[in-house]
Amino acid sequence: MSAALRAQLFLCLISLLSGTGLTRYIEDNEASDGLYSLISLAQKRESEDFVFRRPLRCLDMLATEGYFTFVASRPQLACAAFIIAEPSEVISMELSDVSIDCSAGDFIKIFDGWVLKGEKFPSSNDHPLLPHERYTDYCSSAASTLSGRSSQNVAMIFFRIHSPDSGFTLAVKKVHNPFPCNIMSQSPEGSFTMVMPHQRRNCSFSIIYPVEIRLTDLSLGDAKSNEISPLRQMWPGCSGSGDYVELLGGNGVDTSKMFPVADLCFSLSGLAQMKICCDNSVVRLVSSGNYINRVTFQYRLLDQNEIPKTRENSLENFCAVE
């Protein structure tokens, strides 16, 4: 991911975090130029043997493999690092050189996904693990090191450290995922194909931008309907089929709390498009496990003149749809 895209995505995360205790703490304790310096760092590999290393900040975004070391210069009580990989990758993480005092209230926790404003991505409805199983706690482990692997292309760590000079090193490695499911897009523009081969699982592709989404191909094993239904809040035909695609919009990351914009439960080879003027736009593939389902789509960032200037507070009017 380029420095410009990394900066844009990081600013979107800051916007979604707005109002949380974590963000207030960071805003009070981190200089603004420091936040921008972390996303403008040159991350160039000079050879295949090059190992990237840099300090880890209290609020950070990591999009590169390497080693990231945090050393507290003062008490840091509300820190988080967001980790993101390519859509076709999952993330392997390992903690080492840990010097924290768990008995004094220090902690380091790895989370399988992202947490923003108290909402989880992927949602609890779409993740293969129970909510408490998605956390790995260093202080609850008897080992001197702690490792974990994400179920999708995003993960994060939370940490609290009271004593200066205490800290840890986080190793990040990316692993190929042949069947990506539950993806956070690094970019506001692009294309993607989600495939679900005979698995009872729901997969979401989340774009933290207002975008236009164009579905170019959809193959579902059980086609029972022949119409697209924009702005329909109840769709017994699609939900009853067990295999369908829905478009969602909202201001959070939990798909179960987002507004249903449209749903499709029939195969198509053509173009269906919709503008979703939301902070987060999602393509969600729901699969019964009886068939091989596939959806291909393109997405692009909406221009400012395409986004309504006023939004009402009610859920139905939060996102404008065209």
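Is F111 buried or exposed? F111 is buried, with a relative accessible area of 0%; buried stands for under 20% relative accessible area, exposed for over 50% and partly exposed for what lies in between, with a 1.4 Å probe and protein chains only. The model is predicted: local features need pLDDT of at least 70, side-chain atom pairs count only at pLDDT 80 or more, and totals for chains, interfaces and linings use all residues. Residues are numbered from 1 along each chain as its sequence is written, and side-chain values use heavy atoms, with hydrogens and water left out.

**View 1. The whole protein chain.** The protein chain has five helices and 22 strands. Helices (H or I, at least four residues) and strands (E, at least two) are DSSP runs, numbered from the N terminus. Of the 322 residues in the protein chain, 52% are buried. Contacts (heavy atoms within 4.5 Å) between residues at least 6 apart in sequence join residues at least 24 apart in 77% of cases.

View 2. Strand β15 (residues 202–207) is largely enclosed by the rest of the structure, because six of its six residues are buried. On one side these are N202, S204 and S206, and on the other C203, F205 and I207. Two strands pair if DSSP finds at least two bridges between them. Strand β13 (residues 183–184) runs parallel to β15, joined by two bridges, and M184 has S206 as its bridge partner in β15. With strand β20 (residues 280–286), β15 pairs in the antiparallel sense over six bridges; here N202 stands opposite V286.

**View 3. An open sheet of five strands.** The strand order is β1-β3-β12-β5-β10, with mixed pairing. β1 (53–55) and β10 (146–149) are the edge strands, each pairing on one side only. From one strand to the next, the twist averages 20°; axes are lines fitted to C-alpha atoms, for helices over the stretch in contact, and angles run from 0 to 180 degrees between N-to-C directions. Within this order, strand β5 (residues 89–99) and strand β12 (residues 167–176) pair in the antiparallel sense over nine bridges. The bridge partner of I91 in β12 is K174.

**View 4. Aromatic pairs.** Rings of Phe, Tyr and Trp (its six-membered ring) pair if their centres lie within 6.5 Å; planes under 30 degrees apart count as stacked, over 60 as edge-to-face and the rest as tilted. By this rule there are 12 aromatic pairs. One of them is tilted: the rings of F111 and Y135 have their centres 4.7 Å apart and their planes at 50°. This pair links distant parts of the chain, with F111 in strand β6 (residues 107–111) and Y135 in strand β9 (residues 135–137), 24 residues apart. F111 is buried, whereas Y135 is partly exposed at 33% relative accessibility. F159 and F168 form an edge-to-face pair, 5.0 Å centre to centre with 80° between the planes. F159 is buried at 0%, and F168 is buried at 1%. F192, F205, F297 and Y299 form one aromatic cluster.

**View 5. Charges over rings.** A charge sits over a ring if NZ of Lys or CZ of Arg is within 6 Å of the ring centre and within 35 degrees of the ring normal. The charged end of R53 sits over the ring of Y67, 4.6 Å from its centre. For K109, the charged end sits over the ring of F107, 5.4 Å from its centre.
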